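Dear colleague,

Here is the structure I said I would pass on. My notes on it follow below.

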Amino acid sequence: MKATERYWNPILETLPREQLQKLQLKKFHSIFKWAYEHSKFYHKLYSDAGIEPGDIRTFEDIRKVPKVEKSMLRAIQGKEPYPYGDILCVPLEQVTEYHQTTGTTGQPVFQADTWQDWEWCAESWAYILYAQGYRNRDRVFLPFGYSTAIAFWQAHYALEKIGCEVIPGGVLNTEARILKMQELRATALMATPTYVLGMADAARRKLGIDPAKDLHIKKITVAGEPGGSIPATKKRMEEAWGVKVYDHIGATEIGAWSFECTYQSGLHVNDALFLVEIEDPDTGELITEPGRRGKMVITAFDRIAQPCIRFDSKDIIQWSPDECQCGRTFRLIKGGVIGRADDITKVKGVLLAPTSIEEVVRSIPELGDEYEVIVAKKGDIDDITLKVELLPGQESKTDLVKTKLTDQLRLRTNLGYNLEFHEYNTLPRYDVKSKRFKDLRHKE
Ligand SMILES: [Zn+2]
């Protein structure tokens with residue numbers, strides 16, 4: 001494939017690092033100046049910190065710019081100009097898009113976009129889809145009603161921008177969606193990892209359809225949960241569907257900031273549209289070396305209605321030591337979002353990332369895809385229960401699986417668990433965002 005055919009933006013995606021950094025500094029300066037001059041919220045935040053656009057000359061200067069947190073965004077909204085508050089940099093008349101965050105906890109954050117922002121959103125998603133091999137021959141099935149969530153709307157518009165045909169599969173139930181994909185010979189599918197696994201299971205059990213043989217799907221893009229970057233979950237999805245599964249990470253208030261390409265070496269950060277900084281959660285020190293985990297602080301350069309500048313995402317990520325063979329100069333992160341600074345909780349004094357439990361459960365072939373983790377207090381001691389389901393026909397292997405689980409969990413998380421085996425298909429199923437990790441300690 002010619003280089004010009006491999007990249008959505010052949011110039012930016014292969015720009016030498018030094019030039020890319022120059023571009024990032026220039027773009028950071030522009031969005032900072034824009035926000036300083038047009039948003040009362042940002043103007044006050046920066047004035048109070050004694051920093052103004054003329055002070056941003058180097059990357060080190062960027063580190064002095066105050067960060068923004070989700071709680072600050074929540075505190076602004078509901079005020080004038082209603083409902084976005086004074087973070088807004090444009091008159092309300094210019095806002096054409098309303099969306100809100102889809103997180104599983106807390107009041108959603110509202111997101112305003114202008115038409116220009118919306119075109120940018122589609123553009124940022126076009127990088128992802130093109131890198132994953134989407135072309136104008138594809139017919140793509142989106143098995144959700146998108147409602148006020150942003151990701152699938154963005155994907156929808158980006159697919160159209162590339163020239164793909166889009167089938168919006170909202171309203172239908174899971175079986176009807178599978179039959180629709182079969183009838184129309186859809187070539188690609190986009191969903192959360194949970195739903196990709198759930199659809200495959202429903203196809204086999206309820207319709208007698210083997211997704212790998214009886215459908216025409218050639219690739220799948222996942223988003224919304226960490227599964228796409230958890231090797232055991234990814235393997236399950238790829239085996240169930242017989243195709244490559246590509247990950248993508250984005251957020252409503254930030255944008256579509258990273259993507260896996262067809263080489264599957266990790267997730268590329270879109271360095272042309274975003275500035276990703278990783279910092280030590282305790283000291284705030286900037287982390288540039290691969291393999292050291294830290295908190296992501298991110299800036300979207302070109303989104304103007306409600307800019308996201310040095311957003312403290314609380315997502316834990318790490319730079320990859322690997323290089324991708326695709327030729328992009330965009331940096332790679334390894335393992336996707338490993339956890340959230342808020343969710344990586346201490347259990348019995350040990351730091352526990354829920355993604356490690358998922359990795360263990362999904363690597364054991366006798367177990368189904370679903371599981372549930374409950375952390376509670378038993379007296380003064382933390383108590384963790386892991387509920388799993390044995391696949392039909394595997395019931396006789398309970399003891400073997402119990403041993404495997406105990407050993408692997410001890411190895412990966414350094415903790416002991418109460419294991420509960422449930423009948424297949426009795427644990428809760430989720431369509432969009434799963435709530436498999438329940439910490440009940442603070443409610444008692
Ligand atoms: Zn690549």
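Are His268 and Cys326 buried or exposed? Both residues are buried. Please keep in mind throughout that this is a predicted model.

Sheet and helices

There is an open sheet of 8 strands with mixed pairing, in the order 4-3-5-6-7-8-9-13. Its edges are strand 4 (165–168) and strand 13; each has a single partner strand, so one side of each is left without a neighbour in the sheet. Strand 6 (residues 219–222) and strand 7 (residues 244–251) run parallel and are joined by 4 bridges. Across from Tyr246 in strand 7 stands Thr221.

Helix 8 (residues 174–184) lies across strand 3 (139–142), strand 4 and strand 5 (188–191), and runs at about 175 degrees to strand 3. Helix 11 (residues 231–241) also packs on the sheet, where it touches strand 5, strand 6 and strand 7. The direction of helix 11 makes about 130 degrees with that of strand 7.

Nonpolar cores

The largest nonpolar core has 100 residues, and those touching the most other members are Met181, Met190, Trp241 and Trp257. Helix 6 (residues 115–131) gives the most to this core, namely 10 residues. Once neighbours within four places in sequence are set aside, the contacts of Trp241 include Met181, Leu189, Val196, Met199 and Pro211. Leu215, Ile217 and Ile220 are also among them. A second core, separate and made of 20 residues, includes Ile364, Val373, Leu386 and Tyr417.

One further residue

Tyr195 lies in helix 9 (residues 193–207). With a relative accessible area of 3%, Tyr195 is buried. Between the C-alpha atoms of Tyr195 and Gly379 there are 37 Å, and the two residues are 184 residues apart along the chain.

Regards

Methods
Residues numbered from 1 in each chain as written. Predicted model: local features only at pLDDT ≥ 70, side-chain atom pairs only at ≥ 80, totals over all residues. Heavy atoms only, no water. Buried < 20%, exposed > 50% of the residue type's maximum accessible area, 1.4 Å probe, protein only. Pairing = 2+ DSSP bridges. Helix = DSSP H or I, 4+ residues; strand = E, 2+ residues; numbered from the N terminus. Contact = heavy atoms within 4.5 Å. Axes fitted to C-alpha atoms, helices over the stretch in contact; angles between N-to-C directions. Core = buried A, V, L, I, M, F, W, Y, C linked by side-chain atoms within 4.5 Å.
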